[in-house]
Amino acid sequence: NACGCDGRHLAPQPGASGESARLAEARAIAARADFSELSALGSGCRVELTEERAISLKQLRAVWAHLDRRCGVEGWVGWKGDALVPQKVNLYDVNKYVILPATADRQCSFVELFASSPQRPRFFVSHWWGEPVRAFI
């Protein structure tokens, strides 16, 4: 799945009929989103080993271009309901507006959407999901 975990956050929640609210929201966002910057990177492939799902700087820059284009025109809001600007978008926001919607149908990791082969990391960069993506890149 998109985040590399066991997918419990995508499973139907108690009281939810069929899809979970989060997956339904992701599919609704995906229906109106244009993922052209990401699909331009490649058609993707299955990468069995999680440790071979690294993301390159070129791919991160494409994610930035994607969120920079979509954030304002789609009126993204943060978890407090405040309007987001691209410079303030963090990974929680990217997960909501980009990763989950882009991967909802294929139920794959984000990198598998555009990788042409396994991508082994050359570096490991630790980050906090709450920091702005632009600062991370």
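Biologist: What pLDDT does the chain average?
Modeller: This is a predicted model, and 86% of its residues score at least 70. The average for the chain is 87.

Biologist: Which pattern does the chain follow along the sequence?
Modeller: The chain has 5 helices and 0 strands. Of its contacts with a separation of 6 or more, 67% are between residues 24 or more positions apart. Read along the sequence, the pattern is α-α-α-α-α.

Biologist: Which element supplies the largest share of the largest nonpolar core?
Modeller: This core has 22 residues, and those with the most contacts inside it include Leu67, Val94 and Phe110. Both H3 and H4 supply at least two residues each. The largest share, 6 residues, comes from H4.

Biologist: Which residues is Val94 in contact with, leaving aside neighbours within four places in sequence?
Modeller: Val94 is one of the residues with the most contacts inside the largest nonpolar core. In soluble globular proteins, nonpolar side chains tend to be buried together. The contacts of Val94 beyond four places are Val63, Leu67, Val89, Ile99 and Val133.

Biologist: How many nonpolar residues are in the lining of the largest pocket?
Modeller: The largest pocket holds about 1,200 Å³ of space. It is lined by 31 residues, and the closest to its centre are Arg53, Ala54, Ile55, Val111 and His127. Helices H3 (57-74), H4 (91-103) and H5 (133-136) each give two or more residues to the lining. Alongside 7 polar and 4 charged residues, the number of nonpolar ones is 20.

Biologist: Is Trp64 buried or exposed?
Modeller: Trp64 lies in helix H3. Leaving aside neighbours within four places in sequence, Trp64 is in contact with Pro86, Gln87, Arg134 and Ile137. Its relative accessibility is 12%, and the cut-off is under 20%, so Trp64 counts as buried.

Biologist: What separates the C-alpha atoms of Val77 and Asp93?
Modeller: Val77 is in the loop between H3 and H4. Because its relative accessibility is 31%, Val77 counts as partly exposed. Val77 touches Asp93 as well as Asp82, Ala83, Leu84, Lys96 and Tyr97, not counting residues up to four places away. Val77 and Asp93 are 16 residues apart along the chain, and their C-alpha atoms are separated by 8.2 Å.

Biologist: What is the phi of Gln107?
Modeller: Gln107 sits in the loop between H4 and H5. With 39% relative accessibility, Gln107 counts as partly exposed. Although Gln107 is not a glycine, its phi is positive, at about 50°.

How values were computed:
Residues numbered from 1 in each chain as written. Predicted model: local features only at pLDDT ≥ 70, side-chain atom pairs only at ≥ 80, totals over all residues. Heavy atoms only, no water. 1 Å grid on protein atoms, 1.4 Å probe; cavity = no way out; pocket = protein on both sides within 12 Å on 5 of 7 lines; lining within 4 Å. Points joined across faces, edges and corners; volume = space filled by probe spheres on them. Helix = DSSP H or I, 4+ residues; strand = E, 2+ residues; numbered from the N terminus. Nonpolar A, V, L, I, M, F, W, Y, C, P; charged D, E, K, R; others polar. pLDDT = per-residue confidence, 0-100. Core = buried A, V, L, I, M, F, W, Y, C linked by side-chain atoms within 4.5 Å. Buried < 20%, exposed > 50% of the residue type's maximum accessible area, 1.4 Å probe, protein only. Contact = heavy atoms within 4.5 Å.
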